[in-house]
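These are my notes from going through one chain.

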Amino acid sequence: MKSNTEVQMLLENEYDDILLKRLHQLHNMRHQPNQFTVLVREIPLCGEHKARDCSVDHFFSKYHPHSYESYQILYDGEDLEKLFNQAKSIKSKIEKLRHHFIRKHNRNLLQSEALNNDAQIEQLKETLQELFRRIQHTQSKMQLRAKELPVAFVTFKSRWGAALAAQSQQISNPLLWITEMAPEPRDVLWRNLAVPYRYLPLYKFGVYVAASLLTVFFAVPVTAVQGIAKFERLKKWFPPAMAVQLIPGLRSIVTGYLPSVILNGFVYIIPFAMIGMAKLAGYISRSRKDIKACNMVFYFLVGNVFFLSLLSGSLLDQIGESFSHPRDFPGRLASAASAQADFFMTYILTNGLSGFSLEILQPGLLIWDSMKSCMWDRGKKKRPYLYSLPYYRIIPFVALGILIGMVYAVVAPLLLPFLVGYFCLGYIVFINQIQDVYITTYETCGQYWPYIHHYILVAIVIMQITMIGLFGLKSKPAASFSIIPLLIFTLLFNEYCKIRFLPTFYQCSVKDARDRDDFDEKTDLMEANLRNAIDAYCPPCLRPPDIEDVESSSLEPLLTST
């Protein structure tokens, strides 16, 4: 009871500390335009002008007259995106032709070849100029009106006004004028803003179903891998495996280390599959998409790597007995956990040694960059392959390590030194990766912590259920029953944290917003930050085409007069 209370006190203190750091970080990032901006969805048509842009202006001018500043209505930019892609392709062809000419410049180049090269570039430039004219025509106000989306970014004169508008119900119908704080501009997924709001539950439900099916069907390779770990069963399924006994020491490698290697190989592809599914869920920002992928990967690992590894063998019989006799589940879990201690020890070693070494070496990115350089990007300027921290590939595996540590702290404490080494090595590796390798593509100011806190509490709950079963196996019913109040207390503690800390991670309090406004007014930064917010949310389809690049790169003629 005392150790459980100490763990929860540590979690509460950590939650409070992360919350204070989040507020401090938000105060330091007062220049960010998303603190002044609200995303508005399901905007109805203006009854007078039959348009949505004037509807936004009329509504916020009337109901938020003292804080409303400006708005940016969004448009269906699919046609414009195609035109921009065509322009980009033509610019790439011009660069290739110029590079081809420069490469042959030191060799004997025929006058006719140079003239032909020059003519091709001129023809491409004319096509490009025509594309730019079409883009500018499509970007005209009359053309865009027919492509309006019921979505807008509304900028307010103060953070206080934006916080009030984002957290208020605008009209009696909650399905219209839906407001929330905008993500920062670099975090926005512009294409997903075109997804109708009423369809989002269907998209998310489809992703849930797909992730669940992947979790269920992945049980087949996991169960097969665990069959290797039990040599007697392996001999029954695959009689030639008896030859392993002829080589000294090979049996321990095959049944001990090999299953973990194979399992890690299978599981490696899962984060990429989950992030692909999360892209289809219609999230408006990269951070939300990555957090969703984190959740799906974590529960996949809990279901497949942890529980299926424990219940492997006569899997259907085990699951059927667990459902028909739910009271026996803690004992079944405890006995299975005790039997699989060696497997999880090798799994932690494999995941730590191979996973962190691959993270440092980045072989996948090196191979991908080499393929690009030697194939379709051959001869082009080298661009560094910089990526953001793959949260969806890191956090769930660390959380699984916490879960294994929590459970085996009771069942097999010998595993704990290996976990300590795993976390220490991981800390060293990722401090280097975050500081020197990955770039920051968006800033959440600690919004991942509530999920990590939730994963830790899931680990504590599973550990307590395992303790109930373990004491039951050792014929100590009094000790088993004494764990039940701890389990209830843990669930109540989780609800307390949701009420006490969680809202501040997703909403900006009026007091904090007002304090930041007052600080900006005292330091004369309010006007500059507001001006930055007004111009920050221009959608990609409305940005002017980049003509200067082509014109500047074509100033020198290919043929020089002699």
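Are α6 and α22 roughly parallel or roughly antiparallel to each other? I looked this up before anything else. The axes of helix α6 (residues 159–166) and helix α22 (residues 510–522) come within 7 Å and cross at roughly 160 degrees; α6 and α22 are therefore roughly antiparallel to each other. For the angle I noted the conventions: axes are lines fitted to C-alpha atoms, for helices over the stretch in contact, and angles run from 0 to 180 degrees between N-to-C directions. Under 35 degrees counts as roughly parallel, over 145 as roughly antiparallel, 65 to 115 as roughly perpendicular, and the rest as oblique.

**Basis.** I am working on a predicted model, in which local features need pLDDT of at least 70 and side-chain atom pairs count only at pLDDT 80 or more, while totals for chains, interfaces and linings use all residues. Residues are numbered from 1 along each chain as its sequence is written, and side-chain values use heavy atoms, with hydrogens and water left out.

**α6 and α22, continued.** I find the crossing of α6 and α22 to be right-handed; a crossing has that hand if the near helix is turned clockwise from the far one by less than a right angle, and is left-handed if anticlockwise. On the α6 side, Arg159, Trp160, Ala163 and Leu164 make the contact, and on the α22 side Val510, Ala513, Arg514, Arg516, Asp517 and Asp520. Contact means heavy atoms within 4.5 Å. By class I have five nonpolar, no polar and five charged residues here. The classes put Ala, Val, Leu, Ile, Met, Phe, Trp, Tyr, Cys and Pro under nonpolar, Asp, Glu, Lys and Arg under charged, and the others, Gly among them, under polar.

**Whole chain.** I noted 24 helices and four strands. Helices (H or I, at least four residues) and strands (E, at least two) are DSSP runs, numbered from the N terminus. Of the 562 residues, 44% count as buried, where buried means under 20% relative accessible area, exposed over 50% and partly exposed in between (1.4 Å probe, protein chains only). Among contacts with a separation of 6 or more, 83% are between residues 24 or more positions apart.

**Asparagine 529.** I placed asparagine 529 in helix α23 (residues 526–535). At 9% relative accessibility, asparagine 529 is buried. Leaving out residues up to four places away in sequence, asparagine 529 touches Arg30, His31, Phe36, Arg159 and Asp520.

**Sheet.** What is the order of the strands in the open sheet? I read it as β2-β3-β1-β4, with antiparallel pairing. Two strands pair if DSSP finds at least two bridges between them. The edge strands, each pairing on one side only, are β2 (68–75) and β4 (178–181). Neighbouring strands are turned by 25 degrees against each other on average, direction ignored.

Strand β3 (residues 148–156) is joined to β2 by six bridges. Two partners in β3 that I wrote down are alanine 152 for isoleucine 73 and phenylalanine 156 for tyrosine 68. Strand β1 (residues 37–41) pairs with β3 over five bridges, also antiparallel, and arginine 41 stands opposite valine 151 in β3. Eight of the nine residues of β3 are buried, so β3 is largely enclosed by the rest of the structure.

**α17 with α18 and α19.** With helix α18 (residues 416–436), the axes come within 10 Å and cross at roughly 160 degrees, and α17 passes α18 in a left-handed crossing. With helix α19 (residues 449–473), α17 (residues 391–411) packs at about 25 degrees, the axes being 9 Å apart. α17 and α19 are therefore roughly parallel to each other, and the crossing is right-handed. Residues in the α19 contact include Ile402 and Met406 of α17 and Tyr455 and Ile456 of α19. By class, that contact has 17 nonpolar, one polar and no charged residues.

**Asparagine 295.** I found asparagine 295 in helix α12 (residues 286–310). Asparagine 295 is buried, at 18% relative accessible area. Beyond four places in sequence, asparagine 295 touches Tyr451 and Tyr455.
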